[in-house]
Amino acid sequence: MSLIRCTNGHMFSSRRHRNVCPYCNVMVEQETRITSTATAVAEVDDKTMPYLGEMDGIDPVTGWLVCIEGPPMGRDYRILSEKNFIGRAEDMHIRIIGDNSISKRNHAVIVYDPKKRNFYLLPGDASGLAYLNNEAVYTPTELAAYDVIQLGTSMFLFIPLCGVHFEWENNQSGE
């Protein structure tokens with residue numbers, strides 16, 4: 001195996017990527033090629049450490065929106081417990097990219113109430129309307145499985161996970 005280290009410390013296969021780092025596109029000269037003895041000599045600070053992801057603080061999914069029509073067709077969006085603000089901006093809980101007719105912020109809100117185990121669709125404070133099964137939503141409206149939600153020119157299918165039949169807290173305490 002022929003591993004090369006670029007000047008930024010990335011390790012990569014020279015057989016697969018030749019002498020160009022696939023992470024930062026830096027061309028590596030042949031002198032910096034690392035052999036098994038050179039690896040043992042390398043300082044601890046220069047090692048590339050694997051990213052194992054975050055293990056703590058996982059918010060369990062309570063349902064999904066699946067785009068069935070529109071630019072993001074086929075894409076799914078996770079619905080978490082309590083309020084989920086929908087829009088195109090980065091700070092939205094459900095960020096829908098590709099449909100510019102969806103407001104940037106707060107086009108609509110989907111709420112999962114863990115005490116009552118119900119989902120609700122609320123209109124946002126943006127100028128765009130939200131439609132539930134082809135009816136405009138002006139007040140909080142309870143969602144049912146496989147309801148169709150229209151935001152902008154995109155249509156989404158609502159698929160619940162939590163509710164009467166399943167709840168994360170009951171599942172954890174029952175085991």
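Two strands are taken as paired if DSSP finds at least two bridges between them. Strands themselves are DSSP runs (E, at least two residues), as helices are (H or I, at least four), both numbered from the N terminus. With that settled, I turn to the sheet.

The model is a predicted one, in which local features need pLDDT of at least 70 and side-chain atom pairs count only at pLDDT 80 or more, while totals for chains, interfaces and linings use all residues. Residues are numbered from 1 along each chain as its sequence is written, and side-chain values use heavy atoms, with hydrogens and water left out.

Six strands make up an open sheet, in the order 4-3-13-12-9-10, and their pairing is antiparallel. At its edges lie strand 4 (76-79) and strand 10 (135-136), each of which pairs on one side only.

Let me begin with strand 13, residues 154-160. Five of its seven residues are buried, where buried means under 20% relative accessible area, exposed over 50%, and partly exposed in between (1.4 Å probe, protein chains only). Strand 13 pairs with strand 3 over six antiparallel bridges, and Phe158 is the bridge partner of Leu65.

Next, Thr62. This residue sits in the loop between helix 2 (36-41) and strand 3 (63-69). Is Thr62 buried or exposed? Thr62 counts as buried because its relative accessibility is 2%. Its side chain reaches the backbone oxygen of Leu80 at 3.4 Å, inside the limit for a polar contact (N or O atoms within 3.5 Å, within protein one able to donate a hydrogen and the other to accept it, and residues adjacent in sequence counting only if both atoms are side-chain atoms). Contact means heavy atoms within 4.5 Å; beyond four places in sequence, the contacts of Thr62 include Tyr112, Phe119 and Pro160.

Finally, confidence. The average pLDDT, the predictor's confidence in each residue from 0 to 100, is 85 for the protein, and 81% of the residues score at least 70. Strand 12 has the highest mean, 98, and helix 2 the lowest, 48. Over residues 36-42 pLDDT stays under 50, and the model has one contact beyond four places in sequence for them. Where pLDDT is low, predicted coordinates should not be read in detail.
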